[in-house]
Amino acid sequence: MEKIDKLEKLLRTCSYAELSVEQRREISEYVNSEEEYESMRLVNQHLESENSRSLPLAPSPEVLKRIKGHVRSTSSVGLWNWLSLPVPTYATAAIAIAVGVGCWWAGSSRKPQPTLVEKTERIVDTVYLSSRPDTIFIDRVVYIPKKEAAVAGVTDIGNQPTVPTSRGISMKEKEELERLLVSGLR
């Protein structure tokens with residue numbers, strides 16, 4: 001940094017012919033020849049003269065129009081560009097809270113409609129059979145013909161045919177079945 005400051009000071013004050021051997025050695029890192037040094041000195045003098053005038057450095061209106069036209073032609077403006085912009089976390093949280101409060105307010109401002117419920121009583125009907133059934137279901141329907149008894153209320157069980165079954169039944173089940181058949185015949 002110090003060497004650059006020295007170079008600038010020398011460019012302002014001395015020409016290349018006025019420089020000593022030691023000064024030429026110091027600036028040799030930045031300047032290779034006398035012509036290069038003189039051109040740098042000339043550029044430095046022009047810059048200083050321009051800065052002394054202190055003209056406003058504003059571009060002409062045409063430059064601004066050209067820049068805006070170039071930006072419009074190269075970038076596409078649309079809804080998706082606005083959605084892709086980064087949004088701060090606090091703004092996202094504020095939007096979520098605002099939507100939640102708005103939904104709550106909209107829901108609570110409506111008065112609920114009463115729901116009408118019609119109560120019905122359960123009615124239980126009882127069905128009575130006028131006669132006892134004469135059919136017993138085991139594996140298939142078995143019809144047993146009804147025999148007339150000589151004496152009312154007395155039935156001979158031994159004369160009735162046995163019930164054929166597809167599966168074997170125990171003696172207890174057989175006796176129960178015969179008892180049911182006899183009571184059904186009455």
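## Briefing: fold, core and salt bridges

The protein has 7 helices and 2 strands. The model is predicted. Along the sequence the elements run α-α-α-α-α-α-β-β-α. Of the 186 residues in the protein, 11% are buried.

**Overall numbers**

- The accessible surface of the protein is about 17200 Å². Carbon and sulfur atoms hold 59% of that surface.
- Take the contacts in the protein with a separation of 6 or more: 52% of them join residues 24 or more positions apart.
- The whole structure contains 3 salt bridges.

**Nonpolar core**

- The largest nonpolar core has 9 residues. Its members are Leu-7, Leu-10, Leu-11, Cys-14, Tyr-16, Leu-19, Ile-27, Val-31 and Tyr-37.
- Helix H1, residues 2–13, gives the most to this core, with 3 residues.
- Ile-27 is one of the core members. Neighbours within four places in sequence aside, Ile-27 is in contact with Leu-7, Leu-10, Leu-19 and Tyr-37.
- In soluble globular proteins, nonpolar side chains tend to be buried together.

**Helix H1**

- The buried residues of H1 are Leu-7, Leu-10 and Leu-11. Seen down the helix axis, the buried residues of H1 fall within an arc of 100°, so they line one face of the helix.
- The face of H1 turned away from the buried side carries Glu-2 and Lys-9, both exposed.
- H1 has 12 residues, which should span 16 Å at 1.5 Å a residue. The end C-alpha atoms of H1 are 17 Å apart, in agreement with that figure.

**Helix H4**

- H4 covers residues 61–74, 14 residues in total. At 1.5 Å a residue, H4 should span 20 Å. Its end C-alpha atoms are 20 Å apart, which agrees.
- The number of buried residues in H4 is 0, so the helix lies largely in the open.

**Salt bridge Glu-29 to Lys-3**

- Glu-29 pairs with Lys-3, and the closest N and O atoms are 3.5 Å apart.
- Glu-29 sits in the loop between helix H2 (21–27) and helix H3 (34–53), while Lys-3 is in helix H1, so the pair ties together parts 26 residues apart in sequence.
- Glu-29 is exposed, with a relative accessible area of 53%. Lys-3 is partly exposed, with a relative accessible area of 48%.

**Salt bridge Glu-48 to Arg-12**

- Glu-48 forms a salt bridge with Arg-12, with 3.2 Å between the closest N and O atoms.
- This pair links distant parts of the chain: Glu-48 lies in helix H3 and Arg-12 in helix H1, 36 residues apart.
- Glu-48 has a relative accessible area of 36% and is partly exposed. Arg-12 is partly exposed too, at 46% relative accessibility.

**Salt bridge Glu-176 to Arg-179**

- The side chains of Glu-176 and Arg-179 form a salt bridge at 2.2 Å, N to O.
- Both residues lie in helix H7, residues 171–185. They are 3 residues apart, about one turn of the helix.
- An α-helix has 3.6 residues a turn, so residues three or four places apart point the same way.
- Glu-176 is partly exposed, with a relative accessible area of 37%. Arg-179 is also partly exposed, at 47% relative accessibility.

Key: Residues numbered from 1 in each chain as written. Predicted model: local features only at pLDDT ≥ 70, side-chain atom pairs only at ≥ 80, totals over all residues. Heavy atoms only, no water. Core = buried A, V, L, I, M, F, W, Y, C linked by side-chain atoms within 4.5 Å. Buried < 20%, exposed > 50% of the residue type's maximum accessible area, 1.4 Å probe, protein only. Helix = DSSP H or I, 4+ residues; strand = E, 2+ residues; numbered from the N terminus. Contact = heavy atoms within 4.5 Å. Expected span 1.5 Å × (residues − 1). Arc of directions from axis to C-beta. Areas by Shrake-Rupley, 256 points an atom, 1.4 Å probe, with all protein chains shown as cover. Salt bridge = Lys/Arg side-chain N within 4 Å of Asp/Glu carboxyl O.
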